[in-house]
Amino acid sequence: MGTRHAQGHFRPQGKRLAEALAPVTLLTVIFFVNFVARQIAGPSLPALEKELGLSHSHSGLFILLTGTGFCLSQLGASLVAARWGYKPCILLSIWGAAAATLLISLSHSVWLLYLLFLMMGMAGGLYVPSGIALITLLVQPRDWGKAMGIHELAPNFALITVPFAATLAVAMGSWRWGYQGCATVLALLGTLYLLRGSDVQARPSLPSLALIREVASQPSFWQLSILISLAVGVETGVYSMTPLYLVSERGFSLAQANELLGLSRIPAGFLVLSGWLTDRLNPPIAIALALAATGCAIIALGLGPDSALIPAIYIQASASACLFPPILSMASANSSRESRALTLSLSIAVAPVVGGGILPAAIAVAGDVFSFGAGMAAAGFLTLMGIFLVRR
């Protein structure tokens, strides 16, 4: 990230969090609605499949294309921000997501939906690098942790909100109402951010191809990418397929499945235990414990009796939320200061495709070929195998 103004002066150190709370809060709200727009597909899939006559594999492809688009735009976001600045990049993300959600709500063509879900992922991916970088420029370094803590409330509360929003949309008449609601709120947020949103003169530096090659040539980078992909997969990937699984194979109604999914995320949304465990036990042990608990819970979700479903879903939600702090802490400790930001951004860019796209798509294919339960169990065993990567 660049450290100078366009005029050549050093950038300011930022304000105290109390003084910058308004712009940080606005960015958090934008992140929240953007995340809801990308995640509402999962709880809406049973109704979408029924209306359009789709197979589970088609539904999984929607999730995969969203993750692929997110990855592609992550790789290009730094180029957009370097040329135009952070605020235009964030506005492009907001209005791109608004357009995608509106068109999804109007589309009856499967092939057009494929393109629109890809567009949705690309719009969402543009926000993340610029939003986080802008917060570090608006807030002084001593308050970065608190500012990021506020910002990270967005995905946690989005995962709680999404199932209830999808259920409400279906109760109103169609899953399409959920996307139309997201489009409306995003358009309003885009207008608000255009008029009142903060920006800085600093621009990120263009990524060095030599440094990219250096990072990509290290085995530790690919091991880190797999771990982050597993974390994304067991949190949002399994999350997106759970309602379809419960409705298709476990006899739940859509309202019951989405209610359980939303309530299960409440403990995870307020979970601070992972940070304490990371400091007390060290990151590798914390990661191994979280992977073990998550993997066993997913296996129980797929193969266990009906009485095990609710405890398994709650444990999976809470344990998977414990993965990110120790993984990112371990990644920072095992990378140089010069390559740390690039290592994290590249590994995080891979995760939405592998964990957020390929894994749920594979579970959906298993739902057509074998059973959803078998796909869930396979994801659980794959999660347990991640423990062997931690030692490396």
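This is a predicted model: local features need pLDDT of at least 70, side-chain atom pairs count only at pLDDT 80 or more; totals for chains, interfaces and linings use all residues.

Q: Which residues of H13 are buried?
A: Buried means under 20% relative accessible area. In H13 the buried residues include Pro283, Ala286, Ile287, Ala290 and Leu291. Further along, Thr294, Gly295, Ala297, Ile298, Ile299, Leu301 and Gly302 are buried too.

Q: How do H13 and H14 pack?
A: Look at the angle and the distance of the axes. H14 covers residues 309–321, and its axis is 8 Å from that of H13, at an angle of about 150°. Angles over 145 degrees count as roughly antiparallel, so that is the label for H13 and H14. Their crossing is left-handed.

Q: Now the rings. How many aromatic pairs are there in the whole structure?
A: A search turns up 8 aromatic pairs. A pair of rings is described by two things, the distance of the centres and the angle of the planes. Take phenylalanine 31 and phenylalanine 35: the ring centres are 6.1 Å apart and the planes are at 90°, so this pair is edge-to-face.

Q: Where do phenylalanine 31 and phenylalanine 35 sit in helix H1?
A: They are 4 residues apart in H1, residues 21–39, which means about one helical turn separates them. Phenylalanine 31 is buried, at 8% relative accessible area, and phenylalanine 35 is buried at 9%.

Q: What kind of pair do phenylalanine 31 and tyrosine 127 form?
A: That one is stacked, with 5.4 Å from centre to centre and 25° between the planes. Phenylalanine 31 is in H1 and tyrosine 127 is in helix H5, residues 110–138, so the pair ties together parts 96 residues apart in sequence. Tyrosine 127 has a relative accessibility of 1%, so it counts as buried.

Q: Which residues do ring pairs link into a cluster?
A: Look for Phe62, Trp111, Tyr114, Phe117, Trp175 and Tyr179.

Q: And where does lysine 87 lie relative to tyrosine 193?
A: Lysine 87 is over the face of the tyrosine 193 ring, 5.7 Å from the ring centre.

Technical notes
Residues are numbered from 1 along each chain as its sequence is written. Side-chain values use heavy atoms; hydrogens and water are left out. Buried means under 20% relative accessible area, exposed over 50%, partly exposed in between (1.4 Å probe, protein chains only). Helices (H or I, at least four residues) and strands (E, at least two) are DSSP runs, numbered from the N terminus. Rings of Phe, Tyr and Trp (its six-membered ring) pair if their centres lie within 6.5 Å; planes under 30 degrees apart count as stacked, over 60 as edge-to-face and the rest as tilted. A charge sits over a ring if NZ of Lys or CZ of Arg is within 6 Å of the ring centre and within 35 degrees of the ring normal. Axes are lines fitted to C-alpha atoms, for helices over the stretch in contact, and angles run from 0 to 180 degrees between N-to-C directions. Angles under 35 degrees count as roughly parallel, over 145 as roughly antiparallel, 65 to 115 as roughly perpendicular and the rest as oblique. A crossing is left-handed if the near helix is turned anticlockwise from the far one by less than a right angle, and right-handed if clockwise.
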